[in-house]
Amino acid sequence: LCVYFFSSVFSSPMSAEPVAKKQKVGHTLNIAECVDKDSEGLSFSAMKTSKVSVLQGLAERADDMMAAFGVNTVEEFAAWKFGRWSQALVTMADCEVEGKRPLEAKLNVDLAMDKEHEMKSLKEIIQLPPSALQGLSPAADKILQSHHVTTIEKLGTWKYLKWAQAIVTLAGVEELKTDAEKKFDAEMKKLA
């Protein structure tokens, strides 16, 4: 009788609800449109240490392209100073109003720009080729042009750069421990 009761309670053949509705639904988030098929099951933490070509649309040749800039991983790409400078310049160009600079203003981006571009407005700067950034040569323009990045504005709004930054940011809020590991950690804290 005990065995019958126990098996009827836990096997649920008499239950009106389908089995699928009773199962706990896991996470449904995904970034299938941003990473290659082989990487869709990786954690954000694993993706950030992957080569740049993990980003969907960047072939393995992108690994060589970015290596020319000293960038080998998604995390390094996310932090790439030329990309971050370009993003900041594009963001601030939206705030610029022609003729509104006070005479005593000290605001400048001289350390990011080649000398001949230092006096230009932000709106002018973002229309320049990436090589106008201090530290990028004209050869960088050719390399980036192969991915349709022809201006500082295009570099600052490049979807691959945004995706890399999002992956790195979300890796910081990702829980990788199993429920058992979390329970063990909680028990260990009680003992401390």
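## Aromatic pairs

How many aromatic pairs does a search of the whole structure find? The search finds 7. The model is predicted.

An angle over 60 degrees counts as edge-to-face. Both tryptophan 80 and phenylalanine 82 are buried. Tryptophan 158 and tyrosine 160 also make an edge-to-face pair. Here the distance is 5.7 Å centre to centre, and the planes stand at 90°. Tryptophan 158 is buried, as is tyrosine 160.

## The ring cluster

Which residues do ring pairs link into a cluster? The members are Phe69, Phe77, Trp80, Phe82, Trp85, Trp158, Tyr160 and Trp163.

Phenylalanine 69 has contacts beyond its sequence neighbours. Leaving out residues up to four places away in sequence, phenylalanine 69 touches Trp80, Leu136, Ala140, Ile143 and Leu144.

## The nonpolar core

The largest nonpolar core holds 41 residues. Those touching the most other members are Leu55, Phe69, Phe77, Trp80, Ile152 and Trp158. Among them, Phe69, Phe77, Trp80 and Trp158 also belong to the ring cluster.

Several helices contribute. Two or more residues come from each of H3, helix H4 (61-67), H5, H6, H7, helix H8 (138-145), H9 and H10. The most come from H10, which gives 6 residues.

## Helix H10

Helix H10 spans residues 159-171, 13 residues in total. From first C-alpha to last, H10 reaches 18 Å. That is close to the 18 Å expected at 1.5 Å a residue.

Which residues of H10 are buried? They are Tyr160, Leu161, Trp163, Ala164, Gln165, Ile167 and Ala171. Tyr160 and Trp163 are also in the ring cluster. The cover over the buried residues of H10 includes helix H3 (44-48), helix H5 (74-79), H6 and helix H9 (152-156).

## Cysteine 95

Cysteine 95 sits in a loop. This loop runs between helix H6 (81-93) and helix H7 (122-125). Is cysteine 95 buried or exposed? Its relative accessible area is 54%, so cysteine 95 is exposed. The cut-off for exposed is over 50%.

Cysteine 95 and lysine 123 are 28 residues apart in sequence. In space, their C-alpha atoms are 9.6 Å apart.

Note on methods:
Residues are numbered from 1 along each chain as its sequence is written. This is a predicted model: local features need pLDDT of at least 70, side-chain atom pairs count only at pLDDT 80 or more; totals for chains, interfaces and linings use all residues. Side-chain values use heavy atoms; hydrogens and water are left out. Rings of Phe, Tyr and Trp (its six-membered ring) pair if their centres lie within 6.5 Å; planes under 30 degrees apart count as stacked, over 60 as edge-to-face and the rest as tilted. Buried means under 20% relative accessible area, exposed over 50%, partly exposed in between (1.4 Å probe, protein chains only). Helices (H or I, at least four residues) and strands (E, at least two) are DSSP runs, numbered from the N terminus. The expected span of a helix is 1.5 Å times one less than its number of residues. Contact means heavy atoms within 4.5 Å. A nonpolar core is a set of buried Ala, Val, Leu, Ile, Met, Phe, Trp, Tyr and Cys residues joined through side-chain atoms within 4.5 Å.
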